[in-house]
Amino acid sequence: MQFKGRTVIVFVLLAMFASSIVTLTIVDPSFTWGQKEQSTGGSATSVSASSGLSSKDLSKIATTFQLIESKYLKQPDHDQLVNGAINGMLESLEDPFSVYMDQKEAKQFDESITSSFQGIGAEVSLEEGKFVIVSPIKGSPAEKAGIQSKDVVLSVNGDKLDGLTLNQAVMKIRGPKGTQAKLDLLRQGTGDPVQVIVVRDNIDVETVYGEMMQDQIGKIEIRQFSSNTAVRFAEELKNLEAKGMKGLVIDVRNDPGGLLNVVVDIVNPFVKSGASILQVENRDGKREPTPSTGKGKNYPVTVLINKGSASASEILAGAFQEAVGSKIVGETSYGKGTVQVTFEKEMGDGSNIKMTVYKWLTPNGNWIHKKGITPDIPIEQPAYFKAAPLSKKEVLKLDNNSDDVKNLQLMLAGIGFNPERTDGYFNDKTALAVKAFQRTNDLPVTGEVDTETAAKIEKAILAQIRDPKNDSQLKAAVFQIQKQLGK
């Protein structure tokens, strides 16, 4: 949740651009759930009185600063010292969702909420010292390059990310449209890193896509929850209802989150008046519900989630599961259940601190943090959906045994050239499958996978993945509605 200025804007930070962690944030600290919070701005004396810092504490901090400035071997940067002290305090909390943003980072943060941006289009978090992809945004360069939720980013353009803060790592990942980000990634289930080249681009600010499918079943895909998403959702919903929609699939797969007030606006019409959409709990255990004012709908709804569905997406899924009674289909979601407050006025220089102060819970009071929303109908996509891009470091050929070969075999099977094994050993059957692919695609028929063959195989598997006919999760969601409609 976040409150900006004096206008209350509640949201779950979606960071639609590999720029920060998934957070539920409040920007204006004068507002909390059911109580007022005191501003901590003012003199050092007032800070000490309100925060518990003694004169001795302040003296130690000031002395350390003065010693470094006057005695350290090299002349230190003043701002880096100050920012380092702030980062040190926040890091001592051992909470990846509590971070400091300097003026530049804070400005980019604000812009990302309401305007378009340039980057790779993926959400990144810092987990136990590792930079982990939360979710690539649908249609983004990151998704097109094959980046997946839970991929660990090791380096960017040859620069290792070890020891960097989240914001420092993000600054390396982001960049102008048309430039390349060469990411070394470590994927779950594989031992060797792979390099993925992503061409940065403008990230599409359109967040909602609606269509009518078979049997008058509508589908609305939400790619992120930004400022205009609730309006766009209402437009698409009205359009589908006007066409005689009998059931609805809401797809929030790989949606990293967004504005909480937008989620509430989207869910509200589906939840009967008085029922809770979510709850928020403070440090004292006091809970405040967000009640609905809606009337409910007379048609069935299913919600699609996966491990890239985080934060606001999980609020939506939890509300539909518990308050509406809808079936949730897919994979267990990411698991982000804490709330951050962003303090900007208090810093006084355009920087801000984003710090965890609340939990959010589902309507029934379940805390999904680090657990995620469990689907009612668990469905995984075909194995080739999870194949990693090929490293292209060497030609793959007979008797090779590696993760690259395993991913190659998964891809070949997915596009109809069955190698008859997916264990990573390049045998005669794998070579025959490669030759068949090469022959079909006017490539030199060598039975070996060089850069050209690898690129065409990857292009073919991406087309296969994007074809709705191969979407097992969507099929299951549609089938569930058909059952409820008696089809």
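Val324 touches Phe270, Val271 and Ala319, leaving aside residues up to four places away in sequence (contact means heavy atoms within 4.5 Å). This is a predicted model, in which local features need pLDDT of at least 70 and side-chain atom pairs count only at pLDDT 80 or more, while totals for chains, interfaces and linings use all residues. Residues are numbered from 1 along each chain as its sequence is written, and side-chain values use heavy atoms, with hydrogens and water left out.

Val324 belongs to helix 9, residues 312-324. Helices (H or I, at least four residues) and strands (E, at least two) are DSSP runs, numbered from the N terminus. With a relative accessible area of 31%, Val324 is partly exposed; that term covers values between buried (under 20%) and exposed (over 50%), using a 1.4 Å probe and protein chains only. Between the C-alpha atoms of Val324 and Ile277 there are 9.3 Å, and the two residues lie 47 apart along the chain.

Now to the strands. Strand 6 spans residues 130-136 and is mostly covered, with six of its seven residues buried.

| Partner of strand 6 | Sense | Bridges | Bridge or facing residues |
|---|---|---|---|
| Strand 7 (residues 152-156) | antiparallel | two bridges | Val153 with Phe131 |

Strand 5 and strand 6 form a hairpin with two residues between the strands, and there Glu128 takes a positive phi near 50°.

Terms used
Two strands pair if DSSP finds at least two bridges between them.
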